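Reader: Could we go through this structure together? I would like to begin with the packing.

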Amino acid sequence: MNENLFTSFATPTMMGLPIVILIIMFPSILFPSSNRLINNRLISIQQWLVQLTSKQMMAIHNNKGQTWTLMLMSLILFIGSTNLLGLLPHSFTPTTQLSMNLGMAIPLWAGTVFMGFRHKTKAALAHFLPQGTPIFLIPMLVIIETISLFIQPMALAVRLTANITAGHLLIHLIGGATLALMDISPSTALITFIILILLTILEFAVAMIQAYVFTLLVSLYLHDNT
Amino acid sequence: MNVKIEELPRSILMWDFIPKGITGVFQRGSYRYYNKYVNKKGSLTGVSMVLAVYVLFNYILPFLQGTQT
């Protein structure tokens, strides 16, 4: 049994070697490359899902924004598959580490901002001041808009980290409670077990939704800036 | 392996331990597994075997980290 609740979030090492790198690369095995015109079931299902998602997500962008399709599709596939694999028992989820989510959020957000400032400088600067503000509010509002711009990558990273970590912690806690209650009162343990099942279903949904939200927000920042 | 047992050490010394050779071993092994278990109608069993091995590996990982339960 773990010493405390948070040992399952420690980065795994095996005899000093950081195998967390292998764990991050593991989901790529589950997405084989397509060799033929008509593939096996696994690849066909994955291709259909990717086409569905990319059409729905990239429809709002113009030509310049649609050059980001590959980046955003691989992002949603990576975050979705990593979160779903983290629901397997005893597994380590890389997206619970704030360092990794910051490493994903900051470059993507910075890329959209720099693109906006480079190609449409006036429009990008105009985002700092909403239309129709009273004149005496302008300095304060520019400061507030600047702060809200710089908080975007932090919010992206912390949102993903907190959601996945909180879900895993809840599963640990309620599972431990079910085990402890089995000796005391089996009927209460049954209720707790049903709560655990519902929570696991929720976690499956959260895993995929968080991936979607992350990617959607990045694409929105892109849309503002192209 | 078309090598006699007594000639095995000599043939092991002739293997190429360059990175391309090592990755070739892993690639050929994974292609064999893929074509046998995944690239057919019942691809779910192939994928679930990989996931089961992943779960077991994560279970025994604390025991490999130097007597730390």
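Reader: Which residues have the most contacts inside the largest nonpolar core?
Author: They are A:Leu75, A:Ile79, A:Met104, A:Leu156 and A:Phe214, in a core of 28 residues. A nonpolar core is a set of buried Ala, Val, Leu, Ile, Met, Phe, Trp, Tyr and Cys residues joined through side-chain atoms within 4.5 Å. Buried means under 20% relative accessible area, exposed over 50% and partly exposed in between, with a 1.4 Å probe and protein chains only.

Reader: Which helices supply at least two residues each?
Author: In chain A these are α2 (41-58), α4 (69-85), α5 (98-119), α7 and α8 (186-225). α5(A) gives the most, with eight residues. Helices (H or I, at least four residues) are DSSP runs, numbered from the N terminus.

Reader: What is A:Ile79 in contact with?
Author: Beyond its neighbours within four places in sequence, A:Ile79 meets A:Met104, A:Leu160, A:Ala211 and A:Phe214; contact means heavy atoms within 4.5 Å. Another core, of 12 residues, lies apart from the one above and includes A:Phe26, A:Leu85, A:Phe92 and B:Val38.

Reader: Before we continue, what sort of model is this?
Author: It is a predicted model, in which local features need pLDDT of at least 70 and side-chain atom pairs count only at pLDDT 80 or more, while totals for chains, interfaces and linings use all residues. Residues are numbered from 1 along each chain as its sequence is written, chains are lettered from A and ligands numbered from 1 in the order in which they are written, and side-chain values use heavy atoms, without hydrogens and water.

Reader: Where is the kink in α7(A)?
Author: A kink of about 40° lies at A:Ile151, shortly before the proline A:Pro153. The bend is the angle between axes fitted to the seven residues ending at a residue and the seven starting there.

Reader: Is A:Thr161 buried or exposed?
Author: A:Thr161, in helix α7 of chain A, is buried, with a relative accessible area of 11%. Leaving out residues up to four places away in sequence, A:Thr161 touches A:Thr95, A:Thr96, A:Gln97, A:Leu98 and A:Asn101.

Reader: Turning to the rings, how many aromatic pairs are there over all chains?
Author: There are four. Rings of Phe, Tyr and Trp (its six-membered ring) pair if their centres lie within 6.5 Å; planes under 30 degrees apart count as stacked, over 60 as edge-to-face and the rest as tilted.

Reader: Why is the pair B:Tyr33 and B:Tyr37 called tilted?
Author: Their ring centres are 5.1 Å apart and the planes lie at 45°, so the pair is tilted. Both residues belong to helix α2 (residues 19-38) of chain B, four residues apart.
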